[in-house]
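Dear colleague,

Please find below the structure that I am handing over to you, with my notes on what was found in it after that.

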Amino acid sequence: MNQKILSFRIDAGDAGTRLDRCLSRLIPGSSRTYLQKLIAGGLVTSGDAALTIPRYPVRAGMEIRVALPEPENSEPAPEPFDFPILYEDEAMLVISKPAGVVVHPAVGNPTGTVVNALLGRYPNLAETLACGSSRPGIVHRLDKDTSGCLVIAKTPDAQYKLCTAFAGRETSKTYLAIVRGIPHRPEAEISGLIGRHPVNRQKMAVVERNGKFALTRYRLEKSGCINGCPVSLMKVRILTGRTHQIRVHLASVGIPVLGDATYGGMLSALPEIERQMLHAWKLQLPHPVTGEKIEFCAPLPDDFQTTLNRF
């Protein structure tokens, strides 16, 4: 069996974290269930020892190797489509992506993605768009644990125009984020370069060089406490589209997204919040056929609303 080997060194900030949860952050796009199968199968090792217990607490400085079997079939399989539809016409589709769903197949997530569902709903989509079946219609993306508005192109012309609109900053993206802490300023702008973290290459960071310019604006909507921990609801607009932009920028000013273990948003008083409380709330863009500006709004997911109700 062919395998791809990944090697990681555990940071001090991850010390004590469950092995499966730690790996889910180190290998973006991999489901916990898939990683637990790798662990149980002896494919995760440290030194000469196999780590076979998913809840094993990792230690700072540990060297961990993960053997990823190559998928037997690289073509995504069509699956049932059951995402809430916010808008649809002949050119485009807008869905409300749930948290926990990966946009396109990747290592550890060959199934259960938005693309799998798209191929189930539109069997000829990849052929229509004259592209490979790995990302048909995908013109932008959301992180696995970020919920909200996701746009899909249905024709070649729509795909070109939507991609151009996102690349040319002709879109307006507004997110809602529940963060750990209360901002020093109720309204502010964060700008600078975002690039790979100089030590942990699986993370992004605000850097002084070798990064891409990013611009984020936020406004405090509500603050309070949950179980004695200060929390805030923020309205966030991004004027660029960098990897992990909101998560990195908010963490850089001391208010990481609640539940975001990668960037410091976990709270021991709230262990039940396991995903980042980030929701792609509103999206405005030019229609790929008419050019008219249209706006979509994704309702708050139940876990997000429940957390808000606890303020």
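His 244 counts as buried, at 16% relative accessibility, where buried means under 20% relative accessible area, exposed means over 50%, and partly exposed is in between, with a 1.4 Å probe and protein chains only. His 244 is placed in the loop between β12 and α6 (245-252), and it has a positive phi of about 60 degrees although it is not a glycine. Most residues other than glycine have a negative phi. Helices (H or I, at least four residues) and strands (E, at least two) are DSSP runs, numbered from the N terminus.

Before going further, please keep in mind that this is a predicted model, in which local features need pLDDT of at least 70 and side-chain atom pairs count only at pLDDT 80 or more, while totals for chains, interfaces and linings use all residues. Residues are numbered from 1 along each chain as its sequence is written, and side-chain values use heavy atoms, with hydrogens and water left out.

Asn 227 also has a positive phi, of about 55 degrees, although it is not a glycine. Asn 227 lies in the loop between β11 and β12, a hairpin with two residues between the strands, and it is exposed, with a relative accessible area of 51%.

Two strands pair if DSSP finds at least two bridges between them. Strand β11 (residues 212-226) and β12 pair in the antiparallel sense over ten bridges, with Lys 222 opposite Leu 233 in β12. Strand β8 (residues 172-180) is joined to β12 by eight bridges, and these strands also run antiparallel; here Lys 173 has Ile 238 of β12 as its bridge partner. Seven of the ten residues of strand β12 (residues 229-238) are buried, so this strand is largely enclosed by the rest of the structure.

A cavity is a set of points, on a 1 Å grid over the protein atoms alone, where a 1.4 Å probe fits but cannot get out, and lining residues have an atom within 4 Å of a point. The largest cavity has a volume of about 60 Å³, a volume being the space filled by probe spheres set on the points, which are joined across faces, edges and corners. Both β8 and β13 (278-286) supply at least two residues each to its lining.

Lys 282 also lies over the face of Trp 281, at 4.4 Å from the ring centre, and the charged end of Arg 121 sits over the ring of Phe 81, 5.0 Å from its centre. A charge sits over a ring if NZ of Lys or CZ of Arg is within 6 Å of the ring centre and within 35 degrees of the ring normal.

How many aromatic pairs does the structure hold? The structure holds two, where rings of Phe, Tyr and Trp (its six-membered ring) pair if their centres lie within 6.5 Å, and planes under 30 degrees apart count as stacked, over 60 as edge-to-face and the rest as tilted. Phe 81 and Phe 83 form an edge-to-face pair, 5.5 Å centre to centre with 80 degrees between the planes, and both Phe 81 and Phe 83 are buried. Tyr 87 and Phe 296 form a tilted pair, 5.3 Å centre to centre with 50 degrees between the planes. Tyr 87 lies in strand β5 (residues 85-88) and Phe 296 in strand β14 (residues 293-297), so this pair ties together parts that are 209 residues apart in sequence.

With best wishes

Key:
On a 1 Å grid over the protein atoms alone, a cavity is a set of points where a 1.4 Å probe fits but cannot get out, and a pocket is an open set with protein on both sides within 12 Å along at least five of seven lines; lining residues have an atom within 4 Å of a point.
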